[in-house]
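Q: Could you walk me through this structure? I'd like to go step by step and ask things as they come up.

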Amino acid sequence: MNSYRIKEIICVVVLLVFIIVLVGQNRQSNADAKDVFKSVVAAVDTDGLKVCKAEKFKEQFGFEKSDFEGVYYMASDSIMDVREILVVRCGDNAPADALLDKVQSRADDKYGLFKQYDPTASALLKKYVAEKKGGFVFFAVCDDVAAAKRAFHKAL
Amino acid sequence: MIFSSAAFLFAFLPPVLALYYLPLFRNRPQTEIFKKNLVLCIASLIFYAWGEPIYVILMLLSIYFNFTIVRDMEHERRSPRRRKRLFIAAILFNILVLGFFKYFGFLVGTVNSVFSLHLPVVKLALPIGISFYTFQILSYVIDVYSGKCHVQKSLLNFATYVTMFPQLIAGPIVQYGDIEMQLRARRMNRRKFTAGILFFARGLGKKVIFANTIGAVYTEIAALDPDNLGAVTAWFGILCYTLQIYFDFSGYSDMAIGLGKMFGFDFVQNFNFPYAATSIKDFWKRWHISLSTWFRDYVYIPLGGNRKGTPRTILNILIVWTLTGLWHGAAWNFVAWGAYYGLLLLGEKYIYGKALEKLPVIVRRIITLFIVVIGWVFFSAESFPAAAQYLGAMFGGAGIFDGMTRYYLTANLLPFTLMSCSALGMFRSFPISKNKDLRLVLQALGYAVVFAISVVCLVSDSFNPFLYFRF
C-alpha cells in the first residue's frame, strides 16, 4: 500500500469519526415534551409554581405556542418569584435558536433588575440553565438547576 | 463573517491586506508568492472559522483528502483502471460529503412522509459555503483526470484555491483551470488594486443600500396573510424580492471579484444584467454564470450534451436543471424551481423558440422577466404549498387590492423605480463626461459616497446575511 493510500484512509476514518461525534451531539430526541416536562418538575421543588397557558408563554417570550410542537411552561404568579421552568419541543422549522436567544437575554435582563435589591432572586437568576438539545429548548431558574438539567438530559 | 459588516471592513481586511503586501521577499518571487498564498490561506481559515469553527475541520479534511487522492491518481497514471477507480472514489467522496450535510435530512424526511415512517432525522447546521467549495474541488478533480490541468503539487496552493475567502462562501465558483496559473504567479499592480476597490464599493452599495432596503419591503409583504393578500401587493412583493435577490447576490459577486483583484486574482464575471435577458436561455447566460458554466462543463457535456439525439438531450437538460434546483436547497420547492427552468428551456429549444425570436426585443424581455418573477415565487417560499398559496394571491385569489396596497406602492415607488432601472442596465451608458480623467475622478468620488453611505447603513443595521449563504 503506497503512502497516498494510507493518508486517504486516515482522512476517511477521521471524517467518519467527525461525523459520528457531530451526529451524536445533534441527535433529535423522540421523547414527548409532556414526559420531559414531568421528569424535570419531579426533580425540583416547584411549590408556588403553576403551569401557564399559551398567552403567558407569548407574553413572556414573544412566541406563539403554535410555532412549536410542544410547549410546557411553569412560573409563579408573583413577580418577585423568579423561578420558572420551560420545556419546548421544537419540531421542523421552529424558531429554536431565536427562542433560546430570547430566553437567555430575558434571564440576563432580569438578573440586571434583581441584583440591586434581591440577592436570593439574583442568585437563582445567575445560575439559570438554558440549552438546546435533541430538538428541545430547555430553560430553568430554580433552586437545584443541576438536578433539573440532569432530569432533562435523562428524559430525552 | 460577512463582507458587509464593520468587523470585516475595519478589523479583518486591512491587516490581511497589510500582511499580504508586506514586501518580505522582494528579490525572491517564488518565496514572496508562497508568503502571499500562506497569508491568504490562513486569513481565509480565520474568516471561515469566525462563524463556523467546527466545520473548518470538515473543510481541511476535504482539502487534504482531495489533494492526496489526485496526487495518487497521477501516481497511477500508467494504470488507467486504477486511476479511474481513484477518480470515482474522489467524486463519490465529495458527493457523499455534500449529500450527507446538505441532503440527508431532506431525504429521510421525504422517506418518512412517503412511507409513513419515523426514521430519526439528523439535523445538522449546513456547513456554510459547502456547495461552492465542493464544486470547486470537483472541478479540480475532473480537470486533472481529464488532462485539462496539471496536478497541484503544493498543498498550500491547493488549500488557497479552495479556501480563498473572497469567493469561499457564495462564489463565483472558480474552476481550477481558470486559476491554476494565478496560484503560482499573478500580476498585482496599483491599477488592478484600484479596480478591485471600485468593484468592492459597488458590490457593497448593491447589498447594503439596495438589497437590504428593498428586501425589507418584501419581508413585510411576505409576512402578511396570503389569504388576504391583494394581487397588486403580492406582485409588488415578489418584484421587490426579484430586485433584492439580484442586488444581494450580484453585490456579493462584485465584492468577491473586487477582493480577488485586490489580492491579484481575476475571477470570472457572475452577472450581466440578467433581467434584461430576451429569453430564458439568455437569462441563464447572464445569471450566476459560474454555476451554469459549471453544470454545462461538468454535467451536461459529460452526459452527452446534445450530441446523442433529441430524447437524450431532453433527458440531459432535465437532469441538469433538476440538479441545479437541488443545488440551491434541499427542498421540493427548489426541485420544482429547477424543473420549471428545465421545461422552459426545452420549450424554447424545441417548441416556441423560433416564434419568440420574431417578437420585438421589448416584448421578449417582458415575457422573460414575467417567467423569471414567477420562478422566484418557488425560490423564495419556505415550502411548495407556501409557494402555491402566494401564486394564488398573485393571480387574484384574494382580490386585486388589499388595505395595504396603496401604502406599499406610494411609500416605495421611488426606490423601486430607481432600482428597477439599475437592474435593467438603464444607467449603464449614463453620460458622465467625455473627459476620461474627469470621468475617473467622478467615478471614484461616486463610489466613495456609496461606500460612506453603506458604512452608515451597516452601523445602524442589524445582522444582514446574504441570501445565497444558505446554499
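This is a predicted model: local features need pLDDT of at least 70, side-chain atom pairs count only at pLDDT 80 or more; totals for chains, interfaces and linings use all residues.

Q: Which domains does chain B have?
A: The domain assignment of chain B gives domain 1, residues 6-185, and domain 2, residues 192-470, and their centres, taken over C-alpha atoms, are separated by 26 Å.

Q: How many residues of each domain are in contact?
A: On the side of domain 1 of chain B there are 39 residues, which are in contact with 38 residues of domain 2 of chain B. Between them these domains bury about 3,300 Å², with carbon and sulfur atoms giving 74% of that area, and Phe106(B), Phe135(B) and Pro172(B) supply 18% of what domain 1 buries there, more than any other three residues.

Q: And how many salt bridges or polar contacts are there between those domains?
A: The count of salt bridges between domain 1 and domain 2 of chain B is zero, whereas 11 residue pairs are in polar contact across that interface, both residues of a pair being at pLDDT 80 or more.

Q: Where does the largest nonpolar core lie?
A: That core has 148 residues, and Phe8(B), Phe165(B) and Trp376(B) are those with the most contacts inside it. Helix 10 of chain B, residues 231-262, gives the most to this core, with 16 residues. Because domain 1 and domain 2 of chain B both give residues to the core, it lies between them.

Q: What does Trp376(B) touch?
A: Leaving out residues up to four places away in sequence, Trp376(B) touches several residues, including Ile238(B), Tyr241(B), Phe283(B), Trp287(B) and Trp337(B).

Q: Switching topic, where is Met188(B)?
A: Met188(B) sits in the loop between helix 8 (176-184) and helix 9 (190-222) of chain B. Its C-alpha atom is 4.7 Å from that of Gly264(B), although the two residues are 76 residues apart along the chain.

Q: Last one, what about chain A and chain B?
A: Their contact takes 17 residues from chain A and 22 residues from chain B, and the two chains bury about 1,900 Å² between them, 73% of it on carbon and sulfur atoms. The count between the chains is two salt bridges, and in one of these the side chains of Arg5(A) and Glu76(B) meet at 2.9 Å, N to O.

Technical notes
Residues are numbered from 1 along each chain as its sequence is written. Chains are lettered from A and ligands numbered from 1 in the order in which they are written. Side-chain values use heavy atoms; hydrogens and water are left out. A nonpolar core is a set of buried Ala, Val, Leu, Ile, Met, Phe, Trp, Tyr and Cys residues joined through side-chain atoms within 4.5 Å. Buried means under 20% relative accessible area, exposed over 50%, partly exposed in between (1.4 Å probe, protein chains only). Helices (H or I, at least four residues) and strands (E, at least two) are DSSP runs, numbered from the N terminus. Domain bounds come from an automatic or database domain assignment. Contact means heavy atoms within 4.5 Å. Buried area is the accessible area (1.4 Å probe) that two parts lose on being put together, summed over both. A salt bridge is a side-chain nitrogen of Lys or Arg within 4 Å of a carboxyl oxygen of Asp or Glu. A polar contact is a pair of N or O atoms within 3.5 Å; within protein, one must be able to donate a hydrogen and the other to accept it, and residues adjacent in sequence count only if both atoms are side-chain atoms.
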